[in-house]
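Colleague: I would like to learn how to read a structure feature by feature. Please take me through one.

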Amino acid sequence: MGTLAFIATLAAIWYLAYQGAGATLWVSLLLGSLVTVTLATDIRWFISTPLWILATAMVLLLGVPRLRRKYITRRLLKQFKKVMPPMSDTEREALEAGSVWWDAELFSGRPDWERLLNQPHTHLSEREQAFFDGPVETLCRMLDDWKITHEDQDLPPEVWDYLRQERFFGLIIPEEYGGLGFSAQAHSDVVIKLSSRSIVAAVTVMVPNSLGPGKLLLHYGTPAQRDYYLPRLARGEEIPCFALTGPEAGSDAGALPDTGVVCYGQWQGNRVLGVRLNWEKRYITLGPVATLIGLAFKLHDPDHLLGEEEARGITLALIPRNTPGVTIGARHIPLDIPFQNGPNWGKNVFIPMDQLIGGEHYIGKGWRMLVEALAEGRGISLPALAVGAGKVCSRHTGAYAAIRQQFNMPIGRFEGIEEALARIAGMTYQMDAARCLTLGALDIGEKPSVISAIIKYHLTEGYRQIINDAMDVQAGSGICLGPSNLIGRTYQALPIAVTVEGANILTRSMIIFGQGAMRCHPWILKEFAAARHPDRQRALEDFDHALFGHVGFLLGNVARSLFLGLTRGRLSHTPVKGPATRFFQQLNWMSAAFALAADTAMMTLGGSLKRKERLSARLGDVLSEMYLVSATLKRFNDDGSPESDLPLLRWSCERSFYRMQESLRLLISNLPFRPLGWMLRVVLFPSGLPWTEPDDRLAHQAAQTLLQPSDTRERLTAGIFTSDDDRFREGVIETAFVQAARVAPIEKTLRNARRAGAIKGGSREAQAREALEKGLISEQDVQALDQMRMLRRRVIAVDSFEHYGKQHLLNENSHSNHEAVQS
């Protein structure tokens with residue numbers, strides 16, 4: 001009986017912890033267990049009495065708030081303040097900016113899947129679709145990327161005029177101000193399609209619609225500022241840029257050297273109160289052509305013209321280009337992708353107070369304004385470029401692998417090529433899913449700063465992998481620049497996407513988990529806020545509530561991690577039935593494991609975790625991969641769970657789970673206190689490490705989605721510029737790709753006949769003639785093979801140029817259609 005009671009007690013403890021039970025249930029369990037032991041066993045009084053005394057003391061000490069705070073919480077709060085890491089004003093503002101969303105669910109250890117799946121599926125409105133099918137398509141056909149990048153190093157005047165005419169610079173500006181008032185989804189889709197034709201055009205359009213004066217004015221501008229500037233920005237009368245990065249401080253707000261001093265000065269012939277500015281900035285996109293400069297600087301009021309406070313903090317201003325003292329420097333050329341980019345600086349530039357964005361009300365709030373705007377812009381622009389690259393490589397490199405032949409068969413059938421194609425297809429599928437999920441959040445009003453950092457980092461890193469794989473597949477046709485090369489400039493542009501809007505190394509090692517742990521954890525930010533509260537009694541009460549809520553959260557994740565690890569997620573809740581079920585269950589397991597690992601690292605390392613960037617990065621990687629899997633599962637569900645998409649779903653999810661596992665394994669093995677690492681390994685992976693990278697059979701299935709026409713290929717590459725017009729390189733490739741699928745059975749017949757000895761011809765043409773004579777194929781088959789041979793030569797041909805002395809290569813002498821086929 002005693003053994004059964006003991007087992008029942010352990011089971012009850014585990015169940016309460018798993019369910020995150022409150023204090024009342026724990027007290028009831030404690031008392032119930034003691035009553036059971038006392039009445040149902042032959043325990044002696046001298047053993048039971050101390051147990052009752054101890055239990056009573058615990059109930060009083062933990063269950064009575066006044067006693068608990070006096071004897072436990074007060075001491076813990078004092079110790080917490082000692083180890084609490086320092087937080088600068090800019091760090092605090094970054095933490096308070098934006099919102100938490102699905103990232104908090106993943107941090108909870110028990111995600112609410114209905115919340116995710118019930119979010120509306122993103123799509124374009126009728127007006128947005130009409131713009132996409134009309135002006136965006138027209139603009140794509142106007143763009144000659146080789147001329148833009150190699151000859152003019154700029155968009156041609158007619159393209160600039162068309163951008164203004166069709167209000168491409170006002171995608172996000174409401175209709176009431178003359179803009180288009182489009183959703184985040186539409187903004188992203190426009191960037192993707194433009195990037196598939198010209199990255200220069202895509203960057204030129206995306207920057208005014210992301211982090212720039214327009215977005216800041218929408219959120220924080222005064223009515224007068226919005227009424228004056230937004231219509232001018234929408235019509236392209238003003239070209240905006242935003243000057244943040246400096247030569248020495250980079251984007252480090254705490255070290256911002258640019259200053260403004262409150263004083264009186266002359267503005268348009270009148271003496272007014274304003275700010276005298278001095279700054280130096282570089283890497284400013286659209287800077288060389290901008291007519292309106294947004295500027296971040298530190299404001300000082302030494303003469304106390306605004307109040308008693310002298311250091312007023314980071315502030316934002318709008319500065320017309322023609323303001324005296326403003327200098328626009330010569331252009332930068334970022335890796336031969338010549339979108340307008342360059343330095344600017346100002347010396348003793350005076351502006352009135354009404355040129356401060358938001359007016360005097362937003363003085364000192366500039367960093368928070370920027371972080372919130374970046375939470376939106378960073379979630380749209382660069383992820384769109386990355387996904388655009390993935391879609392281009394999926395469609396065109398996949399087609400190239402189906403068209404290009406060696407040893408009388410398409411190179412896409414070689415296992416080494418399949419491995420690369422599987423990565424291209426699977427990662428593009430997942431990246432696009434993450435993009436759409438994030439855009440859906442933005443369009444319902446969320447400002448998910450942590451998630452925007454996740455997709456900026458992981459989608460641009462995915463871009464890195466995809467474009468490298470595409471280059472490996474296309475080989476010589478990928479490295480020879482010219483009008484026929486659809487991936488060369490995309491390859492060159494990769495480091496730009498990786499570097500801007502928060503360099504990827506910094507984003508991964510410091511921002512994703514460093515900010516995510518504070519924002520998304522259900523209790524840590526509350527503990528920090530309580531510890532900093534000026535009222536000691538209120539601080540004690542708030543800290544007590546947060547601390548013991550945190551204890552319950554920790555115990556719950558210990559129980560959940562152990563149970564889900566033993567069952568590998570089985571028996572846990574899943575919102576759907578079908579092929580995706582196991583992935584939901586495994587994600588339940590990883591959510592609990594991540595929450596426990598994060599708590600363990602934070603509690604044992606404290607403030608030093610901030611300096612342990614590799615550990616922080618690994619925790620961030622787990623959080624990121626969970627988000628990517630969540631997005632992938634939602635996409636599959638939103639698309640109606642098509643069976644033909646299963647290889648892409650399985651490949652991307654299995655890869656992500658393997659990466660989560662390895663990140664946790666490396667975290668555990670690098671924790672400074674080794675015994676803790678061993679214990680954590682047992683709790684997180686009690687049944688061993690279950691995942692490997694996707695196997696060869698799955699990679700084969702994923703690669704096949706790119707090698708033949710299908711609905712899956714169309715869904716995967718939807719939104720980029722395509723054509724069946726052979727005046728466009730895209731049209732030549734597409735025509736050849738369709739023809740390759742038509743002749744594939746004929747070519748297979750020839751291969752089988754040659755292996756069987758039925759035909760002996762050396763060349764494909766000789767084989768076809770011999771097969772025709774023997775009745776193995778028809779005359780129409782021979783004609784189809786001849787057509788395919790001509791198309792194949794066009795696709796694999798590369799551009800060549802005449803060279804005159806020491807001059808640069810002259811593209812007007814291009815002979816792209818006469819180049820010898822690469823061997």
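This is a predicted model: local features need pLDDT of at least 70, side-chain atom pairs count only at pLDDT 80 or more; totals for chains, interfaces and linings use all residues.

Colleague: How many cavities of 30 Å³ or more does a search of the whole structure find?

Modeller: Rolling a probe the size of a water molecule over the atoms shows where empty space is left. On a 1 Å grid over the protein atoms alone, a cavity is a set of points where a 1.4 Å probe fits but cannot get out, and lining residues have an atom within 4 Å of a point. Grid points are joined across faces, edges and corners, and a volume is the space filled by probe spheres set on the points. Here the search finds 2 cavities of that size.

Colleague: What kinds of residues make up the lining of the largest cavity?

Modeller: Its lining has 8 nonpolar, 5 polar and 2 charged residues. In this count Ala, Val, Leu, Ile, Met, Phe, Trp, Tyr, Cys and Pro are nonpolar, Asp, Glu, Lys and Arg are charged, and the others, Gly among them, are polar. The second largest cavity holds about 50 Å³, and its lining has 5 nonpolar, 3 polar and no charged residues. Helix α16 gives the most to that lining, with 4 residues. Helices (H or I, at least four residues) are DSSP runs, numbered from the N terminus.

Colleague: Is helix α12 mostly covered or mostly open?

Modeller: Buried means under 20% relative accessible area, exposed over 50%, and partly exposed in between, with a 1.4 Å probe and protein chains only. Helix α12 (residues 199–206) is mostly covered, with 8 of its 8 residues buried.

Colleague: How many salt bridges does the structure hold?

Modeller: A salt bridge is a side-chain nitrogen of Lys or Arg within 4 Å of a carboxyl oxygen of Asp or Glu. The structure holds 41. In one of them, the closest N and O atoms of Arg435 and Asp189 are 2.9 Å apart. That pair links distant parts of the chain, with Arg435 in α17 and Asp189 in α11, 246 residues apart. Both Arg435 and Asp189 are buried. Asp639 and Arg635 form another, at 3.5 Å. Bridges that share partners join Asp189, Lys391, Asp432, Arg435, Arg635 and Asp639 into one network.

Colleague: Which residues form a nonpolar patch on the surface?

Modeller: Patch residues have over 30% relative accessible area and no salt bridge; like charges are joined within 9 Å, and nonpolar side chains (Val, Leu, Ile, Met, Phe, Trp, Tyr) within 5 Å. Val64, Leu67 and Tyr71 form the patch, with about 230 Å² of accessible area together. Such areas come from the Shrake-Rupley method with a 1.4 Å probe; for residues, only the protein chains shown count as cover.

Key:
Residues are numbered from 1 along each chain as its sequence is written. Side-chain values use heavy atoms; hydrogens and water are left out. On a 1 Å grid over the protein atoms alone, a cavity is a set of points where a 1.4 Å probe fits but cannot get out, and a pocket is an open set with protein on both sides within 12 Å along at least five of seven lines; lining residues have an atom within 4 Å of a point. Helices (H or I, at least four residues) and strands (E, at least two) are DSSP runs, numbered from the N terminus.
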